[in-house]
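Hi,

Here is the structure I promised to pass on to you. Have a look at it first, and then read my notes on the salt bridges below.

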Amino acid sequence: AGFIGSNVLIHMVKKYPGVFFVCLDNLSEGSNVANLEPIEGSENLVFIRGTIASESVVRSVMTQHKVDTVMHFAAQTHVDRSFARPIDYVEANVVGTTVLLKVSRELGVKRFLHVSTDEVYG
């Protein structure tokens with residue numbers, strides 16, 4: 001429910017009504033469920049509050065909803081914040097991405113798209 005992810009999700013949910021979308025977000029800094037108001041109540045969308053850093057949460061959501069494509073927009077940004085709270089930064093950007101990749105591979109996810117920031121890519 002961050003800026004980029006929510007805008008892409010709004011576009012996709014409206015453009016592809018026959019495709020079911022799952023938004024998994026922990027609503028940390030930079031995320032806001034209000035960003036998804038334009039698609040609130042859509043039959044092809046479910047919002048789940050949870051963290052991608054939890055393998056059990058990710059596996060449960062992906063299994064329950066039979067996920068075959070992952071679009072990963074999660075990232076803690078702002079270099080200054082990464083210095084102030086490095087554990088939060090690593091948990092979201094490194095651990096979360098690793099969990100998504102691991103579970104996706106194990107469950108046979110067909111497509112994985114990772115969109116992030118310069119703080120993550122270096």
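Glu-106 and Lys-102 sit four residues apart in helix H4, which is about one turn of the helix. Helices here are DSSP runs of H or I with at least four residues, strands are runs of E with at least two, and both are numbered from the N terminus. The two residues form a salt bridge, with their closest N and O atoms 2.9 Å apart. That term stands for a side-chain nitrogen of Lys or Arg within 4 Å of a carboxyl oxygen of Asp or Glu.

Before you go further, please keep in mind that this is a predicted model, where local features need pLDDT of at least 70, side-chain atom pairs count only at pLDDT 80 or more, and totals for chains, interfaces and linings use all residues. Residues are numbered from 1 along each chain as its sequence is written, and side-chain values use heavy atoms, with hydrogens and water left out.

Which other residue does Glu-106 meet in a salt bridge? Its side chain also meets that of Arg-59, at 2.5 Å from N to O. This pair links distant parts of the chain, since Arg-59 belongs to helix H2 and Glu-106 to helix H4 (residues 86–107), 47 residues apart. Together with Glu-55, the residues Arg-59, Lys-102 and Glu-106 are linked in a network of salt bridges.

How open are these side chains? Glu-106 is partly exposed, at 38% relative accessible area; buried would be under 20%, exposed over 50%, and partly exposed is in between (1.4 Å probe, protein chains only). Lys-102 is also partly exposed, at 30%, and so is Arg-59, at 25%.

The search of the whole structure found five salt bridges. One of them joins Arg-111 and Asp-68, whose closest N and O atoms are 4.0 Å apart. Here too distant parts of the chain are linked: Arg-111 is in strand S4 (residues 111–114) and Asp-68 in the loop between H2 and strand S3 (69–72), 43 residues apart. Arg-111 is partly exposed at 47%, and Asp-68 is partly exposed at 35%.

Finally, a word on confidence. The mean pLDDT (the predictor's confidence in each residue, from 0 to 100) of the chain is 90, and 93% of its residues reach 70 or more. Where pLDDT is low, the predicted coordinates should not be read in detail.

Best wishes
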